[in-house]
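Here are a few friendly notes to read alongside the model. Keep the sequence and the 3D view open as you go through the points.

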Amino acid sequence: MDRRDCAEAVTNEPTPHQAGPLLKVEGLVKHFPIKKGLLQRQVGAVKAVDGIDFEVRRGETLGVVGESGCGKSTMGRLITRLLEPSGGRVEFDGTDITHLKTGGMRPFRRDIQMIFQDPYGSLNPRHTIGSIVSAPFRLQGVEPEGGVKKEVQGLLERVGLSPEHYNRYPHEFSGGQRQRIGIARALALKPRLVVADEPVSALDVSIQAQVVNLLDDLQDELGLTYVIIAHDLSVIRHVSDRIAVMYLGKIVELSDRTSLYEAPMHPYTKALMSAVPVPDPRRRGAKSERILLKGDVPSPIAPPSGCRFHTRCWKATQVCTVQEPPLLELAPGRRVACHHPENAPDQAPGDPVLASAGEAIEIVSATKAPTEEPAETTTEEPAGARTEAPTEAPAPVIPAPAKEPSPDDEDPKKL
Ligand SMILES: Nc1ncnc2c1ncn2[C@@H]1O[C@H](COP(=O)(O)OP(=O)(O)O)[C@@H](O)[C@H]1O
Ligand code: SF4
Ligand SMILES: [Mg+2]
């Protein structure tokens, strides 16, 4: 019998390292080599992830935010070991999995699963839903009690679909339903860690809330631990217990959700947060300021010296250009990589602010209720920049989990 045959077994399963975090990442690095010429000689590297440290506690949701291209997806693929790290260490439940080969990773494949952004591209159109969701059982040679079909039909019900959908094909489903199928497949082997890379960004805003609420419910039901990657700060605020903010391959701030949203310490976090709608109705319409970051996100091939954010930071001083700030615990449970953090005594008040950095932002007063505002871009997007910036028009705040009137997000008759 499957050793994790029921949901309870997942939560109560004794592990050798119960006290420690479920996932521990130290100095994680991924450099993609750039090769040129006939001999394919390496001429440089894309420093997609460049030395990050964090841990994921059991049962929590760690949100990861940052502008497009800052290394979020690469980080997700490294911790699920879909990519081989160039350096550093990944520890899952006390075991070093950094360089495990396919065979060594096999048992961990059951424990660590990934949900992808694109519910269209991640399902094979020629396979039935039954075949797609039962694939993990075949691959791992797991025969659940009662048979695979019964288990898969149970999973479909659990994610808000119908057991009748077993013999249907992906094209018969809407975007939200396909993401539910992706979630059912990820949960098939009752994993312990689920890494979701932009799980709702391809979906309509109304459907996003349903899928986010489903992830929430499944977490409670199955005792899951999540790493949820998103560029949408409203989604991140709704789902996360703690949040890691990434910039150019680094974590610049790691904090609990409330502190991060109420008193961001890293200037980059502050700029991101200044674009988030205020959910408190009493504060709606209150005068607020938005920090518009100017200029291009530098290339991860040759990131700026010192603090990577210094070319866009209004607080940058000389030290920022030469000395990389380490990620330090500046308040209980709050780690920040900045020489002059916000909401803390300035560590070098005498330093002159660099002229170039002083010109890097624009402060804009925003007095209208954020939720009433039309979509607008809050960062200056340079020409050719990728469009997935976190400070793009904020999506409406996802309402508190509510019972879905219908599990299907579109007309069920369509099926
Ligand atoms: N397989 C790859 N080969 C080369 N460069 C890559 C590869 N995957 C990602 N990158 C680069 O690494 C950087 C980080 O990408 P990614 O992790 O996708 O960022 P995000 O998910 O935050 O948008 C980007 O500059 C991207 O172009
Ligand atoms: S103040 Fe300096 S160290 Fe802090 S974010 Fe700005 S440039 Fe970086
Ligand atoms: Mg990505």
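**Notes on the model**

1. Let's start at ligand 2. Its shell holds 13 residues, and those that come nearest are Cys-307, Cys-313, Ala-316, Cys-320 and Cys-338. A residue is near a molecule or strand if its C-beta atom, placed from the backbone, lies within 6 Å of it. By class, this shell around ligand 2 has 8 nonpolar, 4 polar and 1 charged residues. Here Ala, Val, Leu, Ile, Met, Phe, Trp, Tyr, Cys and Pro count as nonpolar, Asp, Glu, Lys and Arg as charged, and the others, Gly among them, as polar.

2. A word on what you are looking at. This is a predicted model, in which local features need pLDDT of at least 70, side-chain atom pairs count only at pLDDT 80 or more, and totals for chains, interfaces and linings use all residues. Residues are numbered from 1 along each chain as its sequence is written, while chains are lettered from A and ligands numbered from 1 in the order in which they are written.

3. Now the overall picture. The protein has 12 helices and 14 strands; these are DSSP runs numbered from the N terminus, with helices being H or I of at least four residues and strands E of at least two. Of the 415 residues in the protein, 43% are buried. Buried means that 20 or more other C-beta atoms lie within 10 Å of the residue's own, exposed means 12 or fewer, and partly exposed is in between, with C-beta atoms placed from the backbone.

4. Which residues surround ligand 1? Among them are Phe-32, Val-46, Ala-48, Lys-72, Ser-73, Thr-74 and Pro-300. Strand 2 and helix 2 (72-79) are the elements that give two or more residues to this shell. Helix 2 gives the most, with 3 residues. The shell around ligand 1 divides into 5 nonpolar, 6 polar and 1 charged.

5. An open sheet is formed by 4 strands in the order 2-1-4-5, with antiparallel pairing. Its edge strands are strand 2 (41-56) and strand 5, each pairing on one side only. Two strands pair if DSSP finds at least two bridges between them. In general, strands of a sheet pair through backbone hydrogen bonds, either parallel or antiparallel.

6. You can follow the sheet strand by strand. Strand 1 and strand 2 are joined by 12 bridges, and Pro-33 stands opposite Ala-45 in strand 2. Strand 1 (residues 23-36) is joined to strand 4 (residues 87-92) by 5 bridges, and Glu-26 has Arg-89 in strand 4 as its bridge partner. Strand 4 and strand 5 (residues 95-96) share 2 bridges, with Glu-91 opposite Asp-96. These two strands form a hairpin with 2 residues between them, and Asp-93 in the turn has a positive phi of about 50°.

7. Is Val-194 buried or exposed, and why? Val-194 counts as buried because it has 25 C-beta neighbours inside 10 Å. Its place is in strand 7 (residues 193-197). Val-194 and Met-114 are 80 residues apart along the chain, yet their C-alpha atoms are separated by 5.6 Å.

8. Finally, turn to helix 5 (residues 148-158). Its buried residues include Glu-151, Val-152 and Leu-155. Helix 4 (129-140) and helix 6 (175-187) are among what covers the buried residues of helix 5. Gly-160 follows helix 5 and has a positive phi, near 90°.

Methods. Two residues are in contact if their C-beta atoms, placed from the backbone, lie within 7 Å.
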